[in-house]
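Subject: Structure handover

Hello,

Here is the structure for you to look through. Please open it first, then read my notes below.

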Amino acid sequence: MICDNDRVMIYLDHAATTPMRPGVWEAMAPFAVDRFGNSSGAHEVSRKAKDALEESRERVAACLGARPMEIVFTSGGTEADNLALKGPVTGDRSLGVVTMATEHEAVLETTHFLHRLGHPTHVVGVSRDGGVDPDLVAGSMGPGTAVVSVMTVNNETGVVTDVAAVSAAVKRIDPSVLVHTDAVQAAACESLDVDRLGVDMLSLSGHKFGGPKGAGVLFVREGTRLEPVLHGGGQELGRRSGTHDVAGAVGLATALGMAVEDRSRFRSAVGGIRDDFEKRVMEGVEGVVVNGGAGPRSPHHLNLRIPDVRNQTLLLRLDQSGVAASAGSACQSGAAKVSHVLEAMGLSPDEARECVRFTFGWTTTQDEASEGVATLIDLVGELR
Amino acid sequence: MRAMVAMSGGVDSSVAAALMREAGHDVIGVTLKLWSGPGGEAPTAGCCTLSDAEDARRVAAALDIPYYVLDYTEEFREGVVSVFIDDYAHGRTPNPCIECNRTVKFDRLLNGLDELGCDVLVTGHHARVRSGPDGWELHRGADMAKDQSYVLSMLTSPQLGRTRLPVGEMTKTEVRARAAELGLRTAAKAESMEICFVGRGDYRSFLDRHAPSMLRPGPVIDHTGEVLGAHGGVGGFTVGQRRGLGIAAGEPRYVVSIDATTATVVIGRREDLLVRTVELEGLSTVSGRPLSGRVEAQYRAHGAAMPATLGGGLLHFDEPQMAVAPGQTVAFYESDRVLGGAVIAATG
């Protein structure tokens, strides 16, 4: 439960962002105040900051089964995705990208941008359940394909893609093609060993697993040639310039360590709460459909289509009743918009406007979820 | 009572929300997202821009009321933009703000009140709702110069019963003073004049994108049929318009009528614009009962109401009127009370 003044909220929007894990803020705080140094310097103040930064890099690398020099700190998941797609193709317009129709905007819009610049791009469709066919992805590659990007866990539906299978299919055809995965939604629940996944690049965002906002990571396999998106002082081995956000890196690394340690509990406990919520909705609401429900799915996402109930109405009523959920995708003003993910899964715009996303997180309790689902069932009854 | 305040981001709806809160009601603020351009961009002008929504959100936060943006872009496109384009295509003078009030703001929100868990709809319009012997009535606002009862003339008594217009009792000066007193960021904000989905007064590029046929060149003629010049498309001409005709004549010339099917613009002298009788369509009354006989009729948002006689789908003005154009709304009054409204189908 989130308490803000006198208002108690049942927070079921953890895929949007989740509260910081205990101790993370405290671990970061010294680097905002006492240990304020610029990590690129030659004196004691600098060295203290640099030590913390490099230690964070080692901790992140260990969580991914990677080497420290393969970790690039960024300002978040969006920047990591931009670097992963633009970096390998910048400067050669014959090189391009293959990605999926259900990717996050950070990948899709970057792909569209590259297309406008004249790079060959291809966006591959998904099945009605949001499933990705590795051979279809591999078969969509052209002679110029330099990067294939497939997300690990979909942010709206929780559908899990077998990234290792996609990578294997791609590399069978052309081992030089780089495979990237946006794993922003996956850190809390999926094992992210980069060798097992067979990826060359992997994006993370700190605030999705209990770290700070404004901190992200791109894993870049050693030997991968990338043109930076941000040019400047040459930090991060020239792959990402800009004074380091040491506090952010420390926070991200601390939280990632906790999330990895908590992963099996998260899968069973949060997954159990989600399954119970889902079961009660299926029993209590007629005609409800779980989007992406047929295939493998993360333990903490639940995307529901509730026929005859418009999502913006339901979300307003849920908020008024103290339950925070989401439409899965929103525009800048906060208005719900028709989800490109659900459209790619074959839903009509009208059907997509009947979809609501509940996402559970490391703080979610069974009581909260029970109260949330009871409220949902009552409201749907009233609205119908 | 739970009140839903339609917040445009302007000073009037900001103060309306504050007044409802002061009166002790449960208040939520909503802004309607009505339009986005072809690339999904927010409008840059008019009453529904992104910065307006931001102002509304900030005011709601200052008043400590929940605030939501509701997406009605589909309804707006179908109910307002397509009518706007269609009106232009038929040489009529479109009234998008009135259409928006009727088909989106009031119709949708009033019908949606129950599902949104609210009892009344509150807007910042300058007009007054009163209870009368035959049900709810609509009256002009206390500030005659800012009166907006004309744009609400299509509302019916049952709709008015679920509507509150708290700033209608105040002058605009009082509204601004109140906003300043409350420290609301919208206190000194300028009023919006543009049509929100056209943006920066750029009719031509809007029509070019959405209704290219209205940019078909054609002749400018006089009442005898003599061709006096040419134009680049009927879109953008309005009956009564004097500037931008591209005709050099000794005396002022005005657009008298527009024939979109032949892309013809007819111009004439001032007296050619005078109209005594108009044919009406879509007549609706506040009370729901038929209306005929003596009325005062207002056919412009900021014009005076003129004595007239209504009957048989026709309206006869006592005195000939200038620049009455098909497509415009006419509101009927008895003194300050709105009796109903209609749209001008044709002039004769």
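Start in chain B. Tyr299(B) and Phe317(B) are both buried, where buried means under 20% relative accessible area, exposed over 50%, and partly exposed in between (1.4 Å probe, protein chains only).

Before going on, some ground rules. This is a predicted model, in which local features need pLDDT of at least 70, side-chain atom pairs count only at pLDDT 80 or more, and totals for chains, interfaces and linings use all residues. Residues are numbered from 1 along each chain as its sequence is written, chains are lettered from A and ligands numbered from 1 in the order in which they are written, and side-chain values use heavy atoms, leaving out hydrogens and water.

Aromatic pairs

Rings of Phe, Tyr and Trp (its six-membered ring) pair if their centres lie within 6.5 Å; planes under 30 degrees apart are stacked, over 60 edge-to-face, and the rest tilted. Over all chains, that gives three aromatic pairs. One of them is Phe277(A) with Phe360(A), edge-to-face, at 5.2 Å centre to centre and 70 degrees between the planes. Phe277(A) sits in helix H9 (residues 263-284) of chain A, and Phe360(A) in the loop between strand E13 (355-359) and helix H13 (366-383) of chain A, so the pair ties together parts 83 residues apart in sequence. Helices (H or I, at least four residues) and strands (E, at least two) are DSSP runs, numbered from the N terminus. Phe277(A) and Phe360(A) are buried.

Back to Tyr299(B) and Phe317(B). They also form an edge-to-face pair, with 5.6 Å centre to centre and 70 degrees between the planes.

In chain A, ring pairs link Phe277(A), Phe358(A) and Phe360(A) into a cluster.

Strands in chain B

Two strands pair if DSSP finds at least two bridges between them. Strand E8 (residues 218-221) of chain B runs antiparallel to strand E9 (residues 227-231) of chain B, and four bridges join them. Pro219(B) has Ala230(B) as its bridge partner in E9(B). E8(B) and E9(B) form a hairpin with five residues between them. In the turn, Gly225(B) has a positive phi of about 95 degrees.

How does E8(B) run relative to strand E11 of chain B, parallel or antiparallel? E8(B) and E11 (residues 264-268) are parallel, joined by two bridges. Ile221(B) has Val266(B) as its bridge partner in E11(B).

One helix residue

Asp87(B) lies in helix H3 (residues 73-89) of chain B. Asp87(B) is buried, at 8% relative accessible area.

Best wishes
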